[in-house]
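Here are a few notes to read alongside the structure. Keep it open as you go and try to find each piece for yourself.

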Amino acid sequence: MTQKKRAEFELGGVSVKAGSRQTVDLPVSVLADHTPVSLSAHVIHGAKDGPTVFASAGVHGDEVIGVEILRRLLQFEGLNRLRGTLIVVPIVNTYGFLMHSRYLPDRRDLNRSFPGTSKGSLASRLANIFLEDLVSRCDFGIDLHSAAIHRTNLPQIRVSKGSKRLMELAEVFGPPVILTSGLREGSLRQAAQEKGVEVLLYEAGEGLRFDEMAVRAGVAGILRVLRHLNMVPAKGIAKPKEKPVFCSGSRWVRAPAGGLIRIFKREGDVVEKGETLAMVSDPFGEAEAELGAPMSGVIIGRAVLPVVNEGDAIFHIASVSSTQETEDTVEGLAQQLELDPLFDEDEII
């Protein structure tokens, strides 16, 4: 019996045939100099039935790691045999991306502007287009982020509490750390959940910078999830050799004084309560203040600038049940990323 051919996928007036792929430009606005701005989505519409999934990056325009992750993802040969439909949006916030800025020209944060409205601010309109035209049509999504400028994050997945399916997919993704994180008002995750679409949030690396291990972890994680959903073949997709560390809470450690900071620990390091993380000195070397760990845990984010003000957030520490097991997990996953062959592995980033 011949299998019935899948219907075409309609987006923005464009029909994508089953078994094909195409980039679709959704008009957003026109700049003051008459340059059109679009939300560009690459649609891979598989020949066989399966879930509809979106993968997005660049909601914050300066978070370029996600853009590179999706560029590499689109080169994966297994996507030619995709089941279902994959919508890849490498740059959601084109304005911020071009200006190397987290925000839009109206100084609004796109990830605090959902669900948006077609008659609101520029951020609100863009949020509304992305949510209604793309996200709401999906069964599941993965949204890629990095730390803000002058900070860096250990690769991690953040999920909201209470969803067994999300937690299962987070573990399949295989990051060093899975952190439970509440839904923020106006965020994509919150708006998507209200539409019945669950979203994994990937955080890794630094704003306006590439980090090879963070990129590799992101590509590998997305492919694992797609494989788990039976959307792509298993060839070339390695399972994580260690189980992620689950963290139920975290806290920031702040600079006790302003000055020049000497950082002794970095993201991924496991620390014990009371351990010295950094020293802050004045420019004359006359006064020094020690920055100690207020709790045992793993460093999942930190500042990278050597100049700090009193009260600046320096280290983000997540609580863990066992520091030794966490250290083994982080080290094991890092080694796997270094040894496993991956796409564009010979590039120097």
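Predicted model: local features only at pLDDT ≥ 70, side-chain atom pairs only at ≥ 80, totals over all residues.

**Notes on strands and pockets**

1. Let's start with a pair of strands: β15 (residues 276–281) and β16 run antiparallel to each other, with 5 bridges between them.

2. Next, have a look at β19, residues 313–318. Is this strand mostly covered or mostly exposed? Mostly covered: 6 of its 6 residues are buried, and buried here means under 20% relative accessible area.

3. Who pairs with β19? Strand β12 (residues 250–254) is joined to β19 by 5 bridges, running antiparallel. Strand β17 (residues 297–303) also runs antiparallel to β19, with 4 bridges. Ala318 is a handy spot to check both pairings: Ala318 is the bridge partner of Ser250, and Val298 stands opposite Ala318 too.

4. On to the pockets. The largest pocket holds about 770 Å³ of space. It has 30 lining residues, and those nearest its centre are Arg102, Arg112, Arg158, Arg184 and Glu203. By class, the lining splits into 8 nonpolar, 12 polar and 10 charged residues.

5. Where does that lining come from? At least two residues each are supplied by β7 (140–145), β8 (151–159), β9 (177–180), β10 (198–206), β12 and β19. The top contributor is β8, with 3 residues.

6. Finally, the second largest pocket has about 420 Å³ of space. Of its 20 lining residues, Leu154, Glu267, Gly268, Val330 and Ala334 are the closest to the centre. Its lining has 10 nonpolar, 3 polar and 7 charged residues.

7. Which element gives the most to this second lining? It is α7, with 7 residues. The elements that each supply at least two residues are β8, α6 (212–228) and α7 (323–339). Notice that β8 turns up here and in the lining of the largest pocket.

Notes. Residues numbered from 1 in each chain as written. Heavy atoms only, no water. Buried < 20%, exposed > 50% of the residue type's maximum accessible area, 1.4 Å probe, protein only. Pairing = 2+ DSSP bridges. 1 Å grid on protein atoms, 1.4 Å probe; cavity = no way out; pocket = protein on both sides within 12 Å on 5 of 7 lines; lining within 4 Å. Points joined across faces, edges and corners; volume = space filled by probe spheres on them. Nonpolar A, V, L, I, M, F, W, Y, C, P; charged D, E, K, R; others polar.
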